[in-house]
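These are my notebook entries on one structure. I record below what I looked up, entry by entry.

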Amino acid sequence: MPSPSDPIAISVFGLDVRWYALFMLAGVVAGLFLARFLAGRIGLDPDWVLDAAPWVVLFSIVGARSYYVALRSEYFLSHPVEAINIRLGGLAFHGALIAGTAAFAILCRRAGQPFFRWTDAIVPAVALAQAIGRWGNWANQEAFGTPTTAPWGLWIDPDRRPAQFASIERFHPTFLYESLFNVLNAAVLSWLALRVSTSAPLRHGDVLAIYLINYGAARFLIERIRTDSLYLGPLPAAYWLSWGLIAVGVTLLVFLRLTRSLDAARRPSLGPGAP
C-alpha cells in the first residue's frame, strides 16, 4: 500500500488544504447524514442534529488536541505556539470522545432532549466518521504499526520511520485496521439502533454501551502494534482509556437494566377488575 507523496491536497489562494483536513471533514459530513437518517427512523427530529453538531465538533476537536498536548506536555512546554497547530495532525480520539460526549449530554439537557435515545442515532454516526477520518493518518504517514511483510504493508518515507526501524520500508497500516473495524461497527450499531424500540431485550443507551465496549477492545488490540503510542506511566495511554471505555460500557449495560427493572417495580399493580 503506497503512502501519499504530498500531504497537501490543493492550494487555494495560497492556502494549503491538507488531505488530513479533507478526510476529517468528509467523516463529519458522512456522520451527519447517517445520524439524521437514524434520528428520523427512530422518531427524533433530524434537524436538531444540525443544531448540536457545530458545538459537538468544536468541543471534540478541543478535547482531542488537549488530550494530545497533555500527553506530550514536555514538548509543548518548550514549543507552546505549536499547541494550537492541528494542521499536521496531533488529535487523539479518546480526548475527542470524552469532550464530545460531555458536550452532547449538556446540549441534550439544555434542549430537553432524551440523551440515551439520541445516542442510538449519534453513536453509529461517530463510528462512521472515525472510519473515514482515520484515512487522514494515511495522508500524514502516522499512526502506523510495526514492520510487516504482508502484501498490504504500508510504505513509509525514510524520514517518517521510527529510528529503530530506519532500514525497513513497510509497516502495518493500523489506521486501515481501525477504519475497517469502524465501518463494521457502524453497520452493527445502526442495525441495533433501528431495533431498540421494538426489541424487548434492548434499551435506549445500549448502542452507546456496546460501542464503548467494541471500540475499547478493538483499540486495545490495535494499539499493541502501534509504534507511535503516547504513554501514561509505564503503558500506552490508549491502554488505560480502552480499559476505561470497556468498564464504562459494561457498567452502562447493567445500569440501564437495573433502572428499567426499578421503573417496572414502582408501577402500581392493577387488580383483576381494573380497566
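**Entry 1**

I began with D206, which counts as buried at 1% relative accessibility; buried means under 20% relative accessible area, exposed over 50%, and partly exposed in between, with a 1.4 Å probe and protein chains only. The model is a predicted one, in which local features need pLDDT of at least 70 and side-chain atom pairs count only at pLDDT 80 or more, while totals for chains, interfaces and linings use all residues. Residues are numbered from 1 along each chain as its sequence is written, and side-chain values use heavy atoms, with hydrogens and water left out.

I then looked up the partner of D206 and found a salt bridge with R257, in which the closest N and O atoms are 2.6 Å apart. A salt bridge here is a side-chain nitrogen of Lys or Arg within 4 Å of a carboxyl oxygen of Asp or Glu. Because D206 lies in helix α8 (residues 206-223) and R257 in helix α9 (residues 237-266), the pair ties together parts that are 51 residues apart in sequence. R257 has 27% relative accessibility and counts as partly exposed.

**Entry 2: other salt bridges**

I noted six salt bridges in the structure. One of them joins R36 and D47, with 2.6 Å between the closest N and O atoms. R36 is in helix α1 (residues 19-41) and D47 is in helix α2, so this pair ties together parts that are eleven residues apart in sequence. Both ends count as partly exposed: R36 has 29% relative accessibility, and D47 has 42%.

I next examined R219 and E223, whose side chains meet in a salt bridge at 2.8 Å, N to O. Since these residues are four apart in helix α8, about one helical turn separates R219 from E223. R219 is buried at a relative accessible area of 7%, and E223 is buried at 3% relative accessibility. Through salt bridges that share partners, R219, E223, R226 and D228 are joined into one network.

**Entry 3: a nonpolar patch**

Which residues form a nonpolar patch on the surface? I found W55, L58, F59 and V62, which together have about 400 Å² of accessible area. Patches are made of residues with over 30% relative accessible area and no salt bridge, like charges being joined within 9 Å and nonpolar side chains (Val, Leu, Ile, Met, Phe, Trp, Tyr) within 5 Å. Accessible areas come from the Shrake-Rupley method with a 1.4 Å probe, and for residues only the protein chains shown count as cover. V62 lies in helix α2 (residues 46-71) and is partly exposed at 45% relative accessibility.

**Entry 4: F255**

I located F255 in helix α9, where F255 counts as partly exposed at 42% relative accessibility. F255 and A35 are 220 residues apart in sequence, and their C-alpha atoms are 25 Å apart in space.

**Entry 5: the whole chain**

I recorded nine helices and six strands; helices (H or I, at least four residues) and strands (E, at least two) are DSSP runs, numbered from the N terminus. The C-alpha trace spans about 85 × 45 × 40 Å along its principal axes. Of the 275 residues in the chain, 41% are buried. The chain exposes about 14,800 Å², of which carbon and sulfur atoms supply 67%. Among contacts (heavy atoms within 4.5 Å) between residues at least 6 apart in sequence, 70% join residues at least 24 apart.
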